[in-house]
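Here are some notes on the structure below, as numbered points. Please read them with the model open.

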Amino acid sequence: MDYNLCDYNTVNSILSKFGFTFSKALGQNFLIDDSVCPNMAQALDADADTAVLEVGPGIGVLTKELCRTAGKVVSVELDKRLYPVLAETLADYPNFELVAGDIMKMDLPKLFDEKFKGYSKIKVCANLPYYITSPVIMTLLEGNLPIDEIEVMVQREAAQRLCARVGSREAGAVTVAVKYYGDAKVLFDVDRECFMPSPKVDSAVIKISLNSGENKYDVKNEKQFFAVVRGAFAQRRKTAANSLASSLSLNKEKIYSALERLNLDKNIRAEKLEMEDFVNLTDLLFE
């Protein structure tokens, strides 16, 4: 039976049938707007040669749209209570596969190798719980996985941070990471009323197009580079030099000297640093 998973009464009926109640701890808010998921699937631009990894399918409202366009959809779900629900709501889609578990604890290279062989394009699409937005995105970016793009719905404030310009007030360590691995943009906003139950904040859908392994910033040592990025942003109220000295146990005079050699103010804050500044600062601090 092809359920209308955007109908409030239908969703209530399904959840009641399986005795499901929402978990605040898991950040569960299910989409019930009939335009959001089709728009997400369309923006993903998937076809028969595309495999999609979905994180947190819920009751399958986005999953259904992905199954209609992609060759294969593998959804990772942590909540065991949703397994029988998904078995029923997605029974009509043979290209759907459920993988039980926590995306943060999985061997992702192994998962990709087992599930996505033979597909020329692999993409990620998800309505991410707010509390794991940055960890999931960073895990996918840093995992050296054969992903073409990541399209996720996140809290609107997080979307602005992820898609901010490096060197702007909204930028953070995750902004630098996203820019290092690809390019991000906000696709469209999603009102809180589109969810059941409604969260307290609005959301936005973003797309991160990845670089296909290209190192476009000439970073010599990624570990050192990201240590500097995280260290500079660790204490945002402090100057970058003070935050770096505290976080990485570096000599402050050495940091001042490096900033001076780059013609940067010694009292500059991390959000004012550009990508090239982080790259060059790393080289000088670890030369």
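1. T63 is buried, because its relative accessible area is 0% and buried means under 20%, with exposed over 50% and partly exposed in between (1.4 Å probe, protein chains only). T63 sits in helix α3, residues 61-69. Helices here are DSSP runs of H or I with at least four residues, strands are runs of E with at least two, and both are numbered from the N terminus.

2. This is a predicted model, in which local features need pLDDT of at least 70 and side-chain atom pairs count only at pLDDT 80 or more, while totals for chains, interfaces and linings use all residues. Residues are numbered from 1 along each chain as its sequence is written, and side-chain values use heavy atoms, with hydrogens and water left out.

3. The side chain of T63 has a polar contact of 2.7 Å with the side chain of E54. A polar contact is a pair of N or O atoms within 3.5 Å; within protein, one must be able to donate a hydrogen and the other to accept it, and residues adjacent in sequence count only if both atoms are side-chain atoms. Setting aside residues up to four places away in sequence, T63 touches E54, P57, V73, S75, L90 and F96, where contact means heavy atoms within 4.5 Å.

4. K72 belongs to strand β3, residues 72-77. Despite its charge class (Lys and Arg count as positive, Asp and Glu as negative, and His and the chain ends are not counted), K72 is buried at a relative accessible area of 17%. What does the side chain of K72 make a polar contact with? The partner is the side chain of E97, at 3.4 Å. Beyond neighbours within four places in sequence, K72 is in contact with residues including T50, V52, N95 and K115.

5. Is L264 buried or exposed? L264 counts as buried, at 17% relative accessibility, although its place is in the loop between α11 (252-261) and α12 (275-285). L264 touches L259, L273 and D277, not counting residues up to four places away in sequence. K238 is 26 residues from L264 along the chain, and their C-alpha atoms are separated by 16 Å.

6. In helix α10 (residues 240-248), the buried residues are A240, A241, S243, L244 and A245. Their cover includes α9 (222-233), α11 and α12. S249 follows α10 and has a positive phi, near 55 degrees.

7. Most residues other than glycine have a negative phi, and most peptide bonds are trans. D45, in the loop between α2 (36-44) and β2 (50-55), has a positive phi near 55 degrees and is exposed at 55%. D218, in the loop between β9 and α9, has a positive phi of about 55 degrees and is exposed at 53%. The peptide bond from M196 to P197 is cis, with omega near -10 degrees; P197 is in the loop between β8 (195-196) and β9 (203-210).

8. For the chain as a whole, the secondary structure comes to 12 helices and nine strands. Buried residues are 51% of the 287 residues. Of the contacts with a separation of 6 or more, 68% are between residues 24 or more positions apart. The C-alpha atoms fill a box of roughly 70 × 40 × 30 Å along the principal axes.
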